[in-house]
Amino acid sequence: MQVLSLDRDRAAPLTVLCLGAHSDDIEIGCGGTILHLAEQFPGCVLHWVVFSALGVRAVEAQRGAELFAGTTTIKGPVLKSFQDGFMPFVGTELKATFEQLKAVSPDLIFTHNRKDAHQDHRLIAELTWNTFRDHLILEYEIPKYDGDLGQPNVFVPLEPALFEKKIRYIMDAFQSQKPKRWFREETFLSLMRLRGMECNAPSGYAEAFYCRKMVL
């Protein structure tokens, strides 16, 4: 494995745009990596956007963002009220939201995988690429009933303190999801274990991403 690092002075601010279709997507998909970046770049600035956060899910989204940001500067979270499962049918309004995000000019963007089986996730990914043409974009993965996991090509090894914190924060913030059979600590831990095996992570655990364009 070739180990690559962000071309950035650790003392300089790192601007990260985190995009999630639903309230827990960012935390599940890249929560460990966000915690890692916050340690690596203390001046990191997180722009946090959730497109479907309604009712109790809005409260949970706020809680999740605060937990994962910690002492890091966070802009937002920006919580939108698009209906879950209906985003492809309100594309114009979603596109307008993305146009407003251009002002962020991030160094790094986390978004959904363009081949995700969930229609909301796919649209957010497509609009990310449509809006940001000269940025480093990492597409995260969400385990789900559809069984759409693929072969990611970028891995972020996580030490036990980080992946354990990730799981603890997810279970703390998103109480409304606990009745769902898939929403279990073992689900999140097993995916990180699989990806950690694939990249030979020292701890055995990692998060994985799809990077479709990178300049070395």
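Modeller: In this predicted model, local features need pLDDT of at least 70 and side-chain atom pairs count only at pLDDT 80 or more, while totals for chains, interfaces and linings use all residues. Residues are numbered from 1 along each chain as its sequence is written, and side-chain values use heavy atoms, without hydrogens and water.

Colleague: Why are α3 and α4 called oblique to each other?

Modeller: The axes of α3 (residues 91-101) and α4 (residues 119-131) come within 10 Å and cross at roughly 45°. Angles under 35 degrees count as roughly parallel, over 145 as roughly antiparallel, 65 to 115 as roughly perpendicular and the rest as oblique; α3 and α4 are therefore oblique.

Colleague: What makes the contact between these helices?

Modeller: Contact means heavy atoms within 4.5 Å. Leu94, Lys95 and Phe98 of α3 meet Leu123, Ile124, Leu127, Thr128, Asn130 and Thr131 of α4. By class, these residues are five nonpolar, three polar and one charged. Here Ala, Val, Leu, Ile, Met, Phe, Trp, Tyr, Cys and Pro count as nonpolar, Asp, Glu, Lys and Arg as charged, and the others, Gly among them, as polar.

Colleague: Which residues lie nearest the centre of the largest pocket?

Modeller: Leu4, Ser5, Leu6, Val154 and Met214 do, among 38 lining residues. The lining has 23 nonpolar, eight polar and seven charged residues. Helix α1 (25-40) and the strands β5 (136-140) and β6 (154-157) each supply at least two lining residues.

Colleague: What classes line the second largest pocket?

Modeller: Its lining has seven nonpolar, six polar and seven charged residues. Of its 20 lining residues, His22, Asp84, Gln177, Lys180 and Trp182 lie nearest its centre.

Terms used
Axes fitted to C-alpha atoms, helices over the stretch in contact; angles between N-to-C directions. Helix = DSSP H or I, 4+ residues; strand = E, 2+ residues; numbered from the N terminus. 1 Å grid on protein atoms, 1.4 Å probe; cavity = no way out; pocket = protein on both sides within 12 Å on 5 of 7 lines; lining within 4 Å.
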